[in-house]
Amino acid sequence: MDRQGNKYTFLYASVMVIVVATVLAFISEALTPIQKKNEEEAKMIDILRSVNIESTTADVAEKYNKYIGDKVFIVNYEGERQETDAQTAFNIDLSKEVRKPLSDRQYPVYECHLDEGEIKYILPVRGKGLWGPIWGYIALNEDKNTIYGTTFDHKGETPGLGAEIANQAFQQQFVGKSIFNEGGELVSIDVVKGGAPDDAPHGVDAISGGTITSQGVENMLMDYFSGYEAFLKK
Amino acid sequence: MSSEKEPLFSSKNLKLLTTPLGAQNPITVQVLGICSALAVTAKLEPSIVMSLSVVFVLVFSNLIISLLRNTIPSRIRIIVQLTVVASLVILVDQILKAFAYEVSKQLSVFVGLIITNCIIMGRLEAFALGNKPWPSVLDGFGNAAGYGIILVIVGFVRELFGTGNLTLPGIGEIQVIPDVMYEWGYVDNGLMILPPMALITVGIIIWVQRSRNKDLIDVS
């Protein structure tokens with residue numbers, strides 16, 4: 001056949017595309033279970049980090065089962081516990097939930113029993129940064145008011161500026177802050193540009209140069225705490 | 001075909017492997033693939049993984065294109081090359097996500113951008129389309145290694161002076177600069193982590209290389 005003719009060219013392109021598509025589809029199918037496991041492990045590591053338990057991919061499953069296990073449940077906007085198993089609750093995709101109005105969202109709660117018998121409630125949060133989504137896990141003490149620990153992460157905030165929310169130094173500031181004021185009203189946490197006073201009960205320092213990301217964290221917390229409010233007040 | 005077989009590593013073939021490491025280095029001499037060299041070299045680990053990914057993609061795309069070279073219709077040859085490269089890159093991306101999840105998160109978009117790495121299309125067009133598979137493999141390996149060496153050097157310098165640590169794949173972070181130095185007042189240079197310093201580091205490598213090898217100096 002004429003190698004430069006139209007017929008040959010079309011045939012060549014078609015065969016090539018079919019071969020390539022088959023190979024890639026096959027490989028993607030084969031690797032998906034492993035990739036999914038990695039994502040779940042990364043999520044577990046994040047959740048445990050919010051209660052200051054460091055873990056690696058090697059021991060995360062064991063630690064997660066020890067401290068949280070199947071004590072995961074979903075609450076609705078009214079704070080009522082839904083009938084679901086732990087796996088469904090764990091698999092709730094916040095990137096989809098966050099688009100719904102507050103009252104329609106499903107709110108997963110991870111109940112963590114530490115070695116000393118203390119109970120912590122870990123709430124996942126998700127919102128918008130400057131360039132893309134930001135998310136995190138907030139661990140509250142048994143009073144459902146004082147923050148025990150936090151962890152934040154982001155898709156692609158500016159390195160050195162907004163990306164600093166993923167740093168220990170930023171996350172440590174939240175420890176000991178409370179999200180309800182003395183009157184029992186939800187005030188969430190302010191991320192204050194220029195710095196919050198050291199003894200501020202509801203404020204932390206924003207990141208210099210990362211104003212929009214800091215604002216994103218503040219909005220994200222307010223948004224999700226309002227959603228969890230009924231549950232937290234129970 | 002000549003009756004006597006050329007040895008696998010004849011001097012001609014070896015040259016294909018070694019010139020891109022030095023005198024024909026894709027980054028410092030041909031100034032190709034600079035973008036990714038700036039982006040992933042803030043730490044040593046992603047630099048190494050990126051280099052290995054490029055080695056894989058370039059060796060195999062060179063091999064595949066060289067095997068197909070007599071069948072490819074010349075009018076769609078660029079599309080064919082792109083398809084081959086893109087498939088290999090997707091493959092690398094999927095494998096990293098499955099077996100090196102942490103690293104794949106760090107490299108994020110840059111693995112995908114291997115497709116646009118000028119070195120790869122350059123070698124396919126300039127070499128693999130006109131040469132036999134084995135020389136093409138060597139050429140691919142040589143060029144990718146030449147790229148990788150620079151990436152690793154830049155990553156090493158930036159991470160060492162930027163954070164005082166070095167991260168190696170599979171081992172993790174190692175503190176290189178001892179605490180005593182910090183007590184004496186040594187401070188990490190945070191500027192090294194930012195992209196401009198990658199450009200300056202590459203610039204210094206180019207300067208050193210050209211001052212040692214006068215042939216490379218472009219007088220025009």
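Okay, confidence in chain B. This is a predicted model, where local features need a pLDDT of at least 70, side-chain atom pairs count only at pLDDT 80 or more, and totals for chains, interfaces and linings use all residues. Chain B averages a pLDDT of 85, and 96% of its residues score at least 70. If that word is new to you, pLDDT is the predictor's confidence in each residue, from 0 to 100. Within chain B, confidence is lowest in helix H6 (residues 109-112), with a mean of 77, and highest in helix H8 (residues 133-163), at 91. For the complex, the predictor gives an ipTM of 0.73 and a pTM of 0.75.

A quick word on labels. Residues are numbered from 1 along each chain as its sequence is written, while chains are lettered from A and ligands numbered from 1 in the order in which they are written. Helices (H or I, at least four residues) and strands (E, at least two) are DSSP runs, numbered from the N terminus.

So how do the chains touch? On the chain B side, 15 residues are in contact with 18 residues of chain A; contact here means C-beta atoms, placed from the backbone, within 7 Å. Helix H4 (residues 77-99) of chain B brings the largest share of that side, eight residues. Sorted by class, the chain B side has nine nonpolar, four polar and two charged residues. For those classes, Ala, Val, Leu, Ile, Met, Phe, Trp, Tyr, Cys and Pro count as nonpolar, Asp, Glu, Lys and Arg as charged, and the others, Gly among them, as polar.

Stay with H4(B) for a moment. Which residues of H3(B) meet it? They are Ser53(B), Phe56(B), Val57(B), Phe60(B), Ser61(B), Ile64(B) and Ile65(B), and on the H4(B) side we find Gln81(B), Val84(B), Val85(B), Leu88(B), Val89(B) and Val92(B).

Now over to chain A, and the largest nonpolar core. By that I mean a set of buried Ala, Val, Leu, Ile, Met, Phe, Trp, Tyr and Cys residues joined through C-beta atoms within 7 Å. Buried means 20 or more other C-beta atoms within 10 Å of the residue's own, exposed means 12 or fewer, and partly exposed is in between, with C-beta atoms placed from the backbone. This core has 46 residues, and Leu48(A), Ile122(A) and Leu123(A) touch the most other members. Its largest share, seven residues, comes from H6(A). Ile122(A), leaving aside neighbours within four places in sequence, is in contact with residues including Ile47(A), Val51(A), Tyr110(A) and Tyr137(A). Apart from this core lies another, of 42 residues, among them Ile27(B) and Tyr147(B).

Last, two loop residues with backbone angles to look at. Lys144(A) sits in the loop between S4 and S5 of chain A, and its phi is near 55 degrees, a positive value in a residue other than glycine. Ser188(A) also isn't a glycine, yet has a positive phi of about 55 degrees. Beyond residues up to four places away in sequence, Ser188(A) touches Ile179(A), Leu221(A), Met222(A) and Phe225(A).

Technical notes: Contact = placed C-beta atoms within 7 Å.
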